[in-house]
Structures are given as structure tokens and as C-alpha cells.
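Welcome! Please look over the model shown here, and then we can walk through a few of its features together.

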Amino acid sequence: MRKKNERYNKTLFNSCLAMPLYLLSLAILKIIGWKIDNDISRHYRKAVIVGAPHTTNWDFFFAMLFFFGMRMRHLYVLGKESLIKPPLGFIMLWLGVLPVNRSIAKNSVAKAIEILNRAENMFIALTPEGTRKDVAEW
């Protein structure tokens with residue numbers, strides 16, 4: 001029988017594709033002229049990563065390039081619950097999306113903290129609400 005939290009260990013970041021995606025990410029980042037200055041996963045075992053401002057859906061693609069480029073093995077992304085619905089929901093779960101129902105307050109932050117506290121190694125990425133448009137502050 002699978003443990004309830006076992007799904008948190010089975011993501012693309014922990015799969016046999018992680019190394020090829022790491023190399024591909026580094027190549028793409030180099031081609032577009034970007035580089036990774038600091039690899040937080042070498043210095044910390046747990047962290048919350050805030051991606052802001054989140055102004056376009058391309059932010060997800062570039063974030064994945066950086067996450068693979070940093071070889072983050074225990075990365076999860078807080079995302080809206082609708083992302084895990086068919087037909088592509090299983091891919092989002094494989095990418096480490098932790099679904100959040102944003103329409104009702106259910107202590108999502110407390111649940112994320114509980115998951116983070118139980119884990120030995122875990123990074124949770126999120127984008128602050130209200131940053132999908134160009135804003136002066138968030």
C-alpha cells in the first residue's frame with residue numbers, strides 16, 4: 001500500500017530524465033545568455049522560493065529551466081487546483097505541482113508549511129497572488 005505522502009517523492013525532478021533535462025536546461029540557458037549564479041540546493045535543505053513578478057505563462061518555462069539547471073531534486077510548485085485536472089493533470093503532478101484551491105480559504109499556507117516541516121529535503125516554489133500583470137509593487 002502506498003503511503004499518503006509517497007507521491008511527493010515521485011516527480012520529474014527525481015526521475016531518470018533529470019540528468020538529460022539538467023544538461024538541456026544548461027544548454028538553453030547558455031544559448032539565451034542566462035546563467036545560474038548560485039545553486040541554493042547546495043546550501044539549503046529546505047526553502048520557499050518566491051517567483052515574482054509573474055507576468056506571463058512563459059515564467060513557468062523559464063523557472064523550470066532554472067530548477068533543472070540547479071539540479072533541484074525535491075522541488076514542488078504551489079499551483080491552482082485546476083492545473084491537475086485532465087487531460088494533462090498527471091503531467092502537472094509529475095512536475096511537482098501541489099494543488100491549491102484558491103477559491104476558498106483552507107489554510108493553504110499552513111498545509112504547505114506542514115508538508116515542508118515533515119520533509120527532510122524540500123523546496124516549495126510559488127508566485128504571489130496579483131503578480132500576473134505588470135505592477136509597481138507586490
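Which residue takes a positive phi just after helix 3? Arginine 71 does, with a phi of about 55°.

## About the model

This is a predicted model, in which local features need pLDDT of at least 70, side-chain atom pairs count only at pLDDT 80 or more, and totals for chains, interfaces and linings use all residues. Residues are numbered from 1 along each chain as its sequence is written, and side-chain values use heavy atoms, leaving out hydrogens and water.

## Overall layout

The protein has five helices and four strands, arranged along the sequence as α-α-β-α-β-α-β-α-β. Helices (H or I, at least four residues) and strands (E, at least two) are DSSP runs, numbered from the N terminus.

Of the 138 residues, 30% count as buried; buried means under 20% relative accessible area, exposed over 50% and partly exposed in between, with a 1.4 Å probe and protein chains only. Among contacts (heavy atoms within 4.5 Å) between residues at least 6 apart in sequence, 75% join residues at least 24 apart.

## Helix 3 and its cover

Helix 3 covers residues 58-69, and its twelve residues should span 16 Å at 1.5 Å a residue; the end C-alpha atoms are 17 Å apart, which agrees. The expected span is 1.5 Å times one less than the number of residues.

Its buried residues are Met64, Leu65, Phe67, Phe68 and Gly69. What covers them includes helix 1 (18-31), strand 1 (46-50), strand 2 (75-80) and strand 4 (122-126).

## Helix 1 against helix 3

Helix 1 and helix 3 pack at an angle of about 120°, with their axes 8 Å apart. That makes helix 1 oblique to helix 3, since angles under 35 degrees count as roughly parallel, over 145 as roughly antiparallel, 65 to 115 as roughly perpendicular and the rest as oblique. Axes are lines fitted to C-alpha atoms, for helices over the stretch in contact, and angles run from 0 to 180 degrees between N-to-C directions.

Helix 1 contributes Ala18, Leu21, Tyr22, Ser25, Leu26, Ile28 and Leu29 to the contact, while helix 3 contributes Met64, Leu65, Phe66, Phe68 and Gly69.

## Two buried residues

Threonine 11 lies in the segment before helix 1 and counts as buried at 2% relative accessibility. Leaving aside neighbours within four places in sequence, threonine 11 is in contact with Tyr76, Leu93, Trp94 and Gly96.

Histidine 54 sits in the loop between strand 1 and helix 3 and is buried, with a relative accessible area of 15%. Histidine 54 and leucine 126 are 72 residues apart in sequence and 9.6 Å apart in space, C-alpha to C-alpha.
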